[in-house]
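Dear colleague,

Please find below the structure that I am handing over to you. My findings follow it, arranged by topic.

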Amino acid sequence: MFCKYCGAELSDTAAFCYKCGKPTTKPESRPPRLRPQAPAEPPRQEPPKYEQPKYEQPGYEPPRRKGGYIALAVILCVLVIGAIVVLVMAMGILKPTSSDAEASPSPTDVMETQPLESEPPEEDGKPTQTPDQEQSSYPIQLDMDQLLTSRINGTTFREAWEQGWLDEWMNLYVNGSSDGSSPYEAYWYDDGLREWTYYGITYSQAASAGWGDIWLELLGSRDDDDPDTMDGDYLLPTDSQYIDKSDLAPFTKEEVSLIRNEIYARYGYQFSSQEIQDYFDRQNWYTPVEGLNASTFDTSVFNAYEQANLETILAYEREMGWRQ
């Protein structure tokens, strides 16, 4: 081998170079020192995401958010308010103008379409009495329900009429006998009502109870037999002279309504109110004209007295608060 420093030839076992004196053996090789390294960090793991649990229990539903109900309630409120606004605007469009309200009255608006004019007004659910509905001054007052449901010899009121012995039946019912000795007369003329009654029962009372046909058969011709009836007379001569409020003052609300309707009745006007129609049917001067009603009547037929008196009556009723 040779010295690696000076190049002298050496024996294979020489430990030093005889020429330069340097060692010829190779130094032990040591592994390089490595710096300590920090332990590697394990990879970071993301936390598991939260998932809405699936509810497997039958009938169970997860709670709903309240925000949806609130939004729905707000939308409904807006729709309701909008509908109310549209309705109010529509009513304002359809409201009659002041010129229409002040137009000259016709039979339709004066008599037929306004209950205060053509029919007796109602108070507390009971119709106000017209003169022909007032109680008679007959000595006794009969209970209509009891009269119609009572039986004498097993026969009711209407059955007695159909069998032809109603007068005897009524005499037994009222007087307790059939010999006619009782002071309770069957046919009674009432001076206060100025009409005939059957045992104190007026036509309107009979008609309301469902036996107006029987009443007319019994008493239909009796007005012609009494000099004190209204044959040829009117409540007021509204067709031949002017009237004022003082002429109307003695009359009741219902009588004033009849006075006004009397202006129409002279021409044969037929009334939609059965009670008013029945009243004029009993007046001998009244002749109904077929088909003459609110839709066909022409107020131009009124003379100067009737036109002026109609306006006077309407003004008086407004002043008394009986109409608007």
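Two rings of Phe, Tyr or Trp, the last taken by its six-membered ring, are counted as a pair if their centres lie within 6.5 Å. In this model, which is predicted, one aromatic cluster is formed by Tyr234, Tyr264, Tyr267, Tyr269, Phe271, Tyr279, Phe280, Trp285, Tyr286, Phe297 and Phe302.

**Overall composition**

The protein has 324 residues, of which 33% count as buried. Its secondary structure consists of 13 helices and four strands. Of the contacts between residues at least 6 apart in sequence, 56% join residues that are at least 24 apart.

**Aromatic pairs**

The structure holds 26 aromatic pairs. One of them joins Phe157 and Trp169, whose ring centres are 5.9 Å apart and whose planes are at 85 degrees, an edge-to-face arrangement. Phe157 belongs to helix 6 (residues 157-163) and Trp169 to helix 7 (residues 166-175), so this pair ties together parts that are 12 residues apart in sequence. Both partners are shielded: Phe157 is buried, with a relative accessible area of 1%, and Trp169 is buried as well, at 0%.

How are the rings of Tyr316 and Trp322 arranged towards each other, stacked or edge-to-face? Their planes stand at 85 degrees with the centres 5.8 Å apart, and the pair is therefore edge-to-face, the cut-off for that class being over 60 degrees. Tyr316 has a relative accessible area of 7% and is buried; Trp322 is buried too, with a value of 17%.

**Nonpolar cores**

The largest nonpolar core comprises 27 residues, and the members that touch the most others are Leu248, Ile259, Tyr264, Phe271, Phe280 and Ile313. Helix 11 (253-265), helix 12 (274-281) and helix 13 (304-319) are the elements that each give two or more residues to this core. Helix 11 contributes the most, with six residues. Another core lies apart from it; this one has 24 residues, including Met144, Leu147, Ile152 and Leu218.

**Gln277 and its surroundings**

Gln277 is a residue of helix 12. With a relative accessibility of 9%, Gln277 counts as buried. Neighbours within four places in sequence aside, Gln277 is in contact with Tyr269, Gln270, Phe271 and Tyr286.

**Thr197 and its surroundings**

Thr197 is located in strand 4 (residues 195-198) and is buried, at 0% relative accessibility. Its side chain reaches the backbone nitrogen of Gly200 at 3.2 Å. Beyond residues up to four places away in sequence, Thr197 touches Ser136, Ala186, Tyr187, Trp188, Thr202, Trp215 and Leu219.

**Cysteines**

How many disulfides does the count give? The count comes to zero. The cysteine sulfur closest to that of Cys3 belongs to Cys20 and is 3.4 Å away; because a disulfide requires the two sulfur atoms to be within 2.5 Å, this separation is too far for a bond. Cys20 is accordingly in no disulfide, the nearest cysteine sulfur being that of Cys3. As for accessibility, Cys3 is buried, with a relative accessible area of 5%, whereas Cys20 is partly exposed, at 32%.

Lys22 lies in the segment before helix 1 (67-94). With a relative accessible area of 40%, Lys22 is partly exposed. Its C-alpha atom is separated by 9.1 Å from that of Lys4, a residue 18 places apart from Lys22 along the chain. Setting aside neighbours within four places in sequence, Lys22 is in contact with Tyr5, Ala15, Phe16 and Cys17.

With kind regards

Key. Residues numbered from 1 in each chain as written. Predicted model: local features only at pLDDT ≥ 70, side-chain atom pairs only at ≥ 80, totals over all residues. Heavy atoms only, no water. Phe/Tyr/Trp six-rings, centres within 6.5 Å; stacked < 30°, edge-to-face > 60°. Buried < 20%, exposed > 50% of the residue type's maximum accessible area, 1.4 Å probe, protein only. Polar contact = N/O pair within 3.5 Å; in protein donor to acceptor, adjacent residues only side chain to side chain. Contact = heavy atoms within 4.5 Å. Core = buried A, V, L, I, M, F, W, Y, C linked by side-chain atoms within 4.5 Å.
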